[in-house]
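Try each task before you read its solution.

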Amino acid sequence: MIKLLSSSKWKQLILFTVAVLLIPQILPSDYYFLILNIIALNAIVVLGLNLLIGFAGQISLGHAAFYGLGAYISGILTASYGWPIFLSIPVAVLTTAIVGLLVGIPTLKLEGHYLVMATLGFNIIVSIILVQWDAMTGGPSGLAGIPYLKAFSISIDSDRKFYYLVWAVLGVLFCLSLNLIDSRVGRALRAIGEDPISASALGIPVERYKVGIFVVSALYAAVAGSLYAHYVTFISPKTFDFFYSIEVVTMVVVGGIGSLWSGLAGAAILTMLPEILEIVKEYNVLVYGAVLMAVLVFFPEGLLPGIKKLWQKRQGQVHE
Amino acid sequence: MENKAILKLKDVSKSFGGIQAVKGLSFEVYSRNIQAIIGPNGAGKTTIFNMITGFYAPDAGEITFLGTTINKMPPNDIAELGIARTFQNLELFPSLTVLENVMLGCYVRNKLGIIKASLRLKSVQDTEKKVREKALEILEFVGLEKYADEPSGELPFGWQRLLEIGRALATDPRLLLLDEPASGLNPRETDQLGELIEKLRSDGLTILLVEHDMSLTMDISDNIIVMDYGRKIASGSPRQIQNDPVVIAAYLGEDIDASD
């Protein structure tokens, strides 16, 4: 028997669902759906990455590659080989997970900076393949003609339709992740993040869990990537270079490491920020950088936990 | 069965670079005994612990536990076989609560995969409940049940030591290795620790102890091994050790060779 969530989490989740359903009713233009959809895609990658970084304490700068593999494999299978999407996405996700396993086994023996370098190297290799393997990937000019998703007979060809799909996928993965971190596995992961030596002395198979959660995070990225491919229907290698890897890690850090809700906030804020900064025109990169620095200086534990702390402090003063 | 050796070291050696930390060491730990290892700093005591628990592989010799050779086993497999340890410098998970630390100790007997955990199956929840109950029992045993929900890093030092022992007990060990459990404790806490260790032994546990506190060691140990520069220089009952001239020389730095 599967009970999807512990009772204490239902409240948060119902709130989340209501918000997801209400937001479309109040949005003034369809342009905002595009942003919300990108937020959800980023949030899925960030969700997996947060399990890896925030819980198991392993940093990866290679997740754009998994995002890209998910997108390209499903894109190529459908656009070039005429596969149906209900087959191409699972194959893309599973293949990426296997790549994650093959990359994870040797690299997760490394620690700290070395792991960061190794995953970064992997990202660069994948980027080069996407650019150079012209015949298969379309090279630097990208891969076009990827079909839209189809649910039964409804083609998901608008921002609004995709919105419901992608937020539903995010919701399901979010529930699974909440369950995971709230279990013995979640505790074991946190133990590994804090003190791997002590964890192994307690009988926790440290290597296996590190690789396992790395594969899970790669899988989440591949899910997001394949959805992305069938959403925009045109993909090019630039989207999946290591700058995107840095971006998602930044979302994890800015939102607040080690809390799934904070990761969601991080994804939302950093996806919207460049859009908001359109008002400062050519200074937007400068201001973007300044905002990031300010967050990390004033809220080193992340935006959401930081604000929560400030709030509690204020509440405390009111009571006094 | 009282006198069965559950842990055997035979000619075990380990060196780091040019330094021989342990040389040709052999000893046995008998079931339901409190076996102590003493010796000056750098005598190789912690290295022995690290070899028994799989953090270092011995360069030579053999370590067997309950008939299984464990020389090259990884630490998590050794924990599963029934050896638990504490660390000289506490190695708790400070941001996890006191209860969570102990629950982690239960992990090895109640493993769980990532997929099952994500789906929150009924069986997962049932085990979780059992684990929680067992962890609370252990906290009660070490006297920390009132602090179950505190972050473990905020406990006073002496209690953290107790918690680390509790966490080790949660793995259901046959053999418990305690690395200087009394260091940093005040005399009263040390007395309580001694009582706790004796109680564990009377409950059927075997204990291997590295300790600098001589009065505690002499009080509770059945047998003591004395190490110096990686070698075993003496072993015997506390009384024999106290009167052994070689031991006295090692501790007081006398040159016993001068009399030869």
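**Exercise 1.** Find which elements the buried residues of α4(A) pack against.

*Solution.* This is a predicted model, so keep that in mind throughout. Start with the helix itself: α4(A) covers residues 85-107, 23 residues in all. From first C-alpha to last, α4(A) reaches 32 Å, close to the 33 Å expected at 1.5 Å a residue. Next, pick out its buried positions, which include Ile85(A), Ile89(A), Ala92(A), Val93(A), Gly100(A) and Val103(A). Ser88(A), Thr96(A) and Thr107(A) are also among the buried residues. Now look at what surrounds them: the buried residues of α4(A) pack against the helices α3 (63-79), α5 (113-132) and α10 (206-232), plus the strand β1 (149-151), of chain A.

**Exercise 2.** Work out how α3(A) and α5(A) are oriented: roughly parallel or roughly antiparallel?

*Solution.* Two packed helices are described by the angle between their axes and the distance between the axes. For α3(A) and α5(A), the angle is about 30 degrees and the axes are 8 Å apart. Angles under 35 degrees count as roughly parallel, so α3(A) and α5(A) are roughly parallel to each other. Their crossing is left-handed. As for who touches whom, Ala64(A), Ala65(A), Gly68(A), Leu69(A) and Tyr72(A) of α3(A) meet Phe122(A), Asn123(A), Val126(A) and Leu130(A) of α5(A). Sort the residues of that contact and you get seven nonpolar, two polar and no charged.

**Exercise 3.** Describe the side of chain A that touches chain B: which helix gives the largest share?

*Solution.* Count first: the contact takes 29 residues from chain A and 33 residues from chain B. α7 (159-181), α8 (184-194), α9 (196-201) and α10 of chain A each supply at least two. The largest share, seven residues, comes from α8(A). By type, this side of chain A divides into 17 nonpolar, six polar and six charged residues.

**Exercise 4.** Is Ala79(A) buried or exposed?

*Solution.* Locate Ala79(A) in helix α3 of chain A. There are 21 other C-beta atoms within 10 Å of Ala79(A). The cut-off for buried is 20 or more, so Ala79(A) is buried. Setting aside neighbours within four places in sequence, its contacts are Leu143(A), Gly145(A) and Ile146(A).

**Exercise 5.** Compare two residues of chain B with positive phi: where do Arg120(B) and Tyr229(B) lie?

*Solution.* Arg120(B) has phi near 50 degrees, and Tyr229(B) about 45 degrees; neither is a glycine. Arg120(B) lies in the loop between α4 (114-119) and α5 (122-142) of chain B. Tyr229(B) lies in the loop between β9 (223-228) and β10 (231-236) of chain B. Finally, check the surroundings: Arg120(B) counts as buried, with 23 C-beta neighbours inside 10 Å, whereas Tyr229(B) is partly exposed, with 16 other C-beta atoms within 10 Å.

Note on methods: Residues are numbered from 1 along each chain as its sequence is written. Chains are lettered from A and ligands numbered from 1 in the order in which they are written. This is a predicted model: local features need pLDDT of at least 70, side-chain atom pairs count only at pLDDT 80 or more; totals for chains, interfaces and linings use all residues. Helices (H or I, at least four residues) and strands (E, at least two) are DSSP runs, numbered from the N terminus. The expected span of a helix is 1.5 Å times one less than its number of residues. A residue is buried if 20 or more other C-beta atoms lie within 10 Å of its own, exposed if 12 or fewer, and partly exposed in between; C-beta atoms are placed from the backbone. Two residues are in contact if their C-beta atoms, placed from the backbone, lie within 7 Å. Axes are lines fitted to C-alpha atoms, for helices over the stretch in contact, and angles run from 0 to 180 degrees between N-to-C directions. Angles under 35 degrees count as roughly parallel, over 145 as roughly antiparallel, 65 to 115 as roughly perpendicular and the rest as oblique. A crossing is left-handed if the near helix is turned anticlockwise from the far one by less than a right angle, and right-handed if clockwise. Ala, Val, Leu, Ile, Met, Phe, Trp, Tyr, Cys and Pro count as nonpolar, Asp, Glu, Lys and Arg as charged, and the others, Gly among them, as polar.
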